[in-house]
Amino acid sequence: MHQQFQECIDACNACADACDHCSAACLQEEHVQAMARCIELDMDCAQICRLSAAYMARGSEFAAALCRLCADICRACADECGKHKMDHCRECAAACRRCADACARMSGA
């Protein structure tokens with residue numbers, strides 16, 4: 001069953017990894033307080049991406065609904081990361097946009 005969702009599963013896993021990397025790197029920034037919203041969204045995004053991938057992998061009837069929410073969170077994370085000039089934020093924003101697009105396609109949104 002998960003074969004039909006493989007592109008989206010891969011995008012979700014890649015996004016979760018990018019978000020984990022970004023949040024850890026943001027914690028090392030000189031002005032960490034200025035990165036608080038980015039870190040929060042990175043953590044939310046990573047968790048919803050991993051959950052969405054798991055739902056798709058097992059063919060859950062709720063996968064499409066969860067992926068619609070995942071796309072929304074990925075877009076919010078991409079918008080926030082896109083505000084920052086650091087490479088880890090730029091790379092995370094790109095991964096989030098790819099995931100949002102894949103989740104939107106998968107869910108029919």
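1. D72 and R75 sit three residues apart in helix 3 (residues 63-81), so about one helical turn separates them. Helices here are DSSP runs of H or I with at least four residues, numbered from the N terminus. D72 and R75 form a salt bridge, with their closest N and O atoms 3.2 Å apart. The term means a side-chain nitrogen of Lys or Arg within 4 Å of a carboxyl oxygen of Asp or Glu. D72 is partly exposed, at a relative accessible area of 47%. R75 is partly exposed too, at 37% relative accessibility. Partly exposed lies between buried (under 20% relative accessible area) and exposed (over 50%), using a 1.4 Å probe and protein chains only.

2. A word on the basis. This is a predicted model: local features need pLDDT of at least 70, side-chain atom pairs count only at pLDDT 80 or more, and totals for chains, interfaces and linings use all residues. Residues are numbered from 1 along each chain as its sequence is written, and side-chain values use heavy atoms, leaving out hydrogens and water.

3. How many salt bridges does the structure hold? There are six. Side chains of opposite charge can pair when their charged atoms come close.

4. R105 forms a salt bridge with E7, and the closest N and O atoms are 2.8 Å apart. R105 belongs to helix 4 (residues 87-107) and E7 to helix 1 (residues 6-26), so the pair ties together parts that are 98 residues apart in sequence. Both R105 and E7 are exposed.

5. Helix 2 has a pair of its own. R37 and E40 form a salt bridge, with the closest N and O atoms 3.5 Å apart. They are three residues apart in helix 2 (residues 36-57), so about one helical turn lies between them. R37 is partly exposed at 45% relative accessibility, and E40 is partly exposed at 40%.

6. The largest nonpolar core has 39 residues. Such a core is a set of buried Ala, Val, Leu, Ile, Met, Phe, Trp, Tyr and Cys residues joined through side-chain atoms within 4.5 Å. Which residues touch the most other members? They are C12, C49, M56, C74, C96 and C99. Helix 1, helix 2, helix 3 and helix 4 each supply at least two residues of this core.

7. Helix 4 has 21 residues and spans 30 Å from its first C-alpha to its last, close to the expected 30 Å. The expected span is 1.5 Å times one less than the number of residues. Just after helix 4, G108 takes a positive phi of about 80°.
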